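Please find below a colleague's note for someone meeting this structure for the first time. The points are numbered so that each can be checked against the model in turn.

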Amino acid sequence: MAEEKRLLTRREAIRFYLLRIVLLGSFLALVARLWYIQIVRGPEYRNQAENNRLRVLSVKPFRGVIYDWNGQRVAINAPSFSVEARMIDLPRDETENVARRLARLLDMPAPTILELMAEGSSNPYQQTVLKRDVPRHVALVIEEENPYLPGISAVSRPIRKYADGDSVGHVLGYVGPIPHERREFYLNRGYERDDQVGIAGIESIYETELNGEKGQRNVEVNAYGRTVRVLRESPSQPGNNIVLGMDLDLQEAVTEMLHEGLVESGAPSGAVVALDVASGAVRALVSLPGFDNNLFARSISQDDYQRLANDPSRPLVNQTIAGLYPPASTFKLVSLAHWLENYNLDLEMRFECRGGLTLPGGWEFGCWKRSGHGFVNAYEALVRSCDVFFYTLVGGSPYTEFGGIGPEALAQAATSCGFGQVTGIDLPGELEGLMPTPERKQRIKNEPWFQGDSYNSAIGQGDVLSTPLQLANFTAAIANGGKLMYPRMAAEIQDANGEQVQPITRRLAHNLPYSAEVLALIRNAMRDVVVRGTAIRIASNPYGIAGKTGTAEYPGPRDENGYLPTHALFTGFAPFDVPEIAFAVVLYGAGEGSEFAAPIADKLTRFYFESAGKAQQ
């Protein structure tokens with residue numbers, strides 16, 4: 001019995017020692033864990049705790065306002081709500097439930113919300129915008145359901161609102177989320193992922209001026225990520241305002257005029273540019289069909305975007321600076337100026353127009369007047385827009401010994417007048433146009449230059465392409481005595497108090513290489529185009545329009561008389577005596593320039609001088 005008692009005691013002792021070992025091991029493990037948590041990971045956990053309690057939030061600045069020349073606001077910041085997520089406050093196991101609940105409230109697919117949340121998880125402390133321009137009642141519901149929507153909040157965030165988007169969409173452009181391909185560019189400049197930036201138009205070109213500077217707010221938050229106390233705040237600085245040279249009333253009136261012209265002619269698209277002759281300020285710049293940039297400011301739907309992108313009349317393309325058209329007979333101004341300047345104002349030389357001419361080999365080049373103009377000099381050839389005269393002037397003729405000024409001289413003259421190169425306007429997306437030469441044709445097409453190419457170039461056909469803005473800018477230079485200006489949309493930059501920060505001064509590109517006498521002769525001829533020439537249809541205009549018509553053929557199905565389809569063009573200035581405004585009108589596939597483009601110029605000048613008032617600069 002005593003032996004048995006001794007054995008039990010030994011077992012108890014073993015158990016006791018084992019228990020002590022276990023307790024000691026547990027204690028050491030606990031000490032090690034505490035050492036790891038407090039010493040090794042301590043700074044990290046302290047930072048996380050501080051971040052969960054204290055946060056530094058950026059205060060978004062108000063974007064600068066855009067005004068027209070008369071002080072009308074054309075782009076403002078309108079009150080709006082956005083629904084945003086801060087992923088650090090949204091438990092991972094609740095993400096799908098929250099997304100499903102939000103999908104009902106925001107009328108968005110849950111997978112789309114989950115995609116945005118997943119993107120936001122890469123920067124969990126920053127706000128991720130789930131939907132902009134949310135109705136007020138939806139924003140209130142979001143806040144009421146706060147206990148079921150951790151990490152989600154509805155915040156006041158203004159959106160951009162534009163005046164009459166269809167009229168000014170191409171001018172003002174729009175703002176939107178930072179494009180993925182430009183993300184690093186903007187982030188390196190202090191932008192945040194949820195910021196909006198100018199995507200097109202003035203909004204894009206003047207992004208730096210309009211954006212402003214962020215402020216900062218130090219806040220204390222509760223366990224749900226809600227702000228419970230503002231500890232410190234430095235206000236944001238609103239962006240500067242932009243004052244345009246554009247006259248909104250004129251812009252809207254021209255939009256209506258062009259729209260009526262498109263309906264009347266059956267043309268699908270068109271463009272009008274009106275410039276201040278002296279400064280190059282853009283008074284109106286209309287491209288139709290246009291688009292409502294308010295759609296983009298509110299986060300355009302996929303259906304709306306596809307409708308615009310797939311429209312064959314290309315409403316998203318600004319035809320005034322990116323629409324390339326053969327300038328047709330308006331280009332004869334270039335040939336005339338070169339001839340007068342380099343051939344001693346020679347108006348004695350005459351060429352006979354018999355309605356066309358035929359080159360060796362049987363290539364026929366007709367004049368628009370099939371019965372012919374008879375013998376005409378350069379001046380009359382412009383007034384009556386004789387094609388044969390300008391064929392001969394540039395490319396020579398099999399019927400005379402005159403060899404023509406040649407395609408290289410014409411190309412050089414055109415370049416000096418601003419064709420084949422951008423004007424430098426402060427809008428994105430401007431195209432250069434094209435002025436062909438024998439060297440270029442050989443290099444690009446591997447084809448020699450023919451005499452017929454010179455003929456086509458002489459009347460602004462063939463490969464010659466220009467934009468409506470180039471045409472208007474050249475005409476303005478003729479009107480102002482030869483100064484080819486850089487056209488400008490913006491006239492002034494102001495701070496938020498309306499004080500001038502920076503004027504946008506007029507800038508001279510270069511002077512046309514023509515004397516005052518030559519330019520005066522051209523202006524006289526342009527006036528006679530209206531008084532007794534091809535634009536006599538608008539001769540009753542009381543404001544002294546001077547101009548030049550153009551009817552540009554382009555490839556397409558011929559009509560019953562065998563003629564190709566044509567664009568309608570007109571460029572001019574007014575008043576003739578003291579030019580103030582210059583313009584170019586182009587209607588795609590409309591027909592005759594005298595019939596459809598010139599009447600729009602007539603209406604434009606009447607409105608400008610009678611209703612809109614004279615813009616002063």
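1. Helices here are DSSP runs of H or I with at least four residues, strands are runs of E with at least two, and both are numbered from the N terminus. By that convention Val171 lies in helix α6, which spans residues 165-172. The model is a predicted one, in which local features need pLDDT of at least 70 and side-chain atom pairs count only at pLDDT 80 or more, while totals for chains, interfaces and linings use all residues. Residues are numbered from 1 along each chain as its sequence is written, and side-chain values use heavy atoms, with hydrogens and water left out.

2. Is Val171 buried or exposed? Its relative accessibility is 0%, so Val171 counts as buried, where buried means under 20% relative accessible area, exposed means over 50%, and partly exposed lies in between (1.4 Å probe, protein chains only). Leaving aside residues up to four places away in sequence, Val171 touches Gly201, Ile202, Leu244, Met246, Gln251, Leu285, Leu427 and Met489, a contact being heavy atoms within 4.5 Å. Val171 and Val286 are separated by 115 residues in sequence, yet their C-alpha atoms are 8.1 Å apart in space.

3. With a relative accessibility of 17%, Glu220 counts as buried. Its contacts, again without residues up to four places away in sequence, are Arg53, Leu54, Arg226, Thr227, Val228, Arg229 and Leu231.

4. Helix α14 (residues 332-342) deserves a careful look, because 9 of its 11 residues are buried and it is therefore largely enclosed by the rest of the structure. The buried residues of α14 are Lys332, Leu333, Val334, Ser335, Leu336, Ala337, His338, Trp339 and Leu340.

5. Most residues other than glycine have a negative phi, and most peptide bonds are trans. Ala328, in the loop between α13 (319-322) and α14, has a positive phi near 55°, and at a relative accessible area of 1% this alanine is buried. Just after α14, Asn344 takes a positive phi of about 55°. Leu345 also has a positive phi of about 55°; this leucine sits in the loop between α14 and β15 (351-353) and, at 35% relative accessibility, counts as partly exposed.

6. Where are the cis peptide bonds to be checked? One runs from Leu288 to Pro289, with omega near -5°, and Pro289 belongs to the loop between β14 (282-288) and α11 (293-297). Another joins Ala574 and Pro575, with omega about -15°, and Pro575 belongs to the loop between β24 (566-574) and β25 (581-587).

7. Rings of Phe, Tyr and Trp (its six-membered ring) pair if their centres lie within 6.5 Å, with planes under 30 degrees apart counted as stacked, over 60 as edge-to-face and the rest as tilted. By this rule the count comes to 20 aromatic pairs. One of them is Phe351 with Phe402, whose ring centres are 5.4 Å apart and whose planes meet at 40°, so the pair is tilted. This pair links distant parts of the chain, 51 residues apart, with Phe351 in strand β15 and Phe402 in the loop between α16 (387-395) and α17 (407-416). Phe389 and Phe390 make an edge-to-face pair, 5.4 Å from centre to centre with 75° between the planes. Both Phe389 and Phe390 are buried, and Phe351 is buried too, at a relative accessible area of 4%. A single aromatic cluster is formed by Trp339, Tyr343, Phe351, Phe389, Phe390 and Phe402.

8. Arg182 lies over the face of Phe185, at 4.1 Å from the ring centre, and Arg354 lies over the face of Tyr399, at 5.4 Å from the ring centre.

Conventions: Lys NZ or Arg CZ within 6 Å of the ring centre and 35° of its normal.
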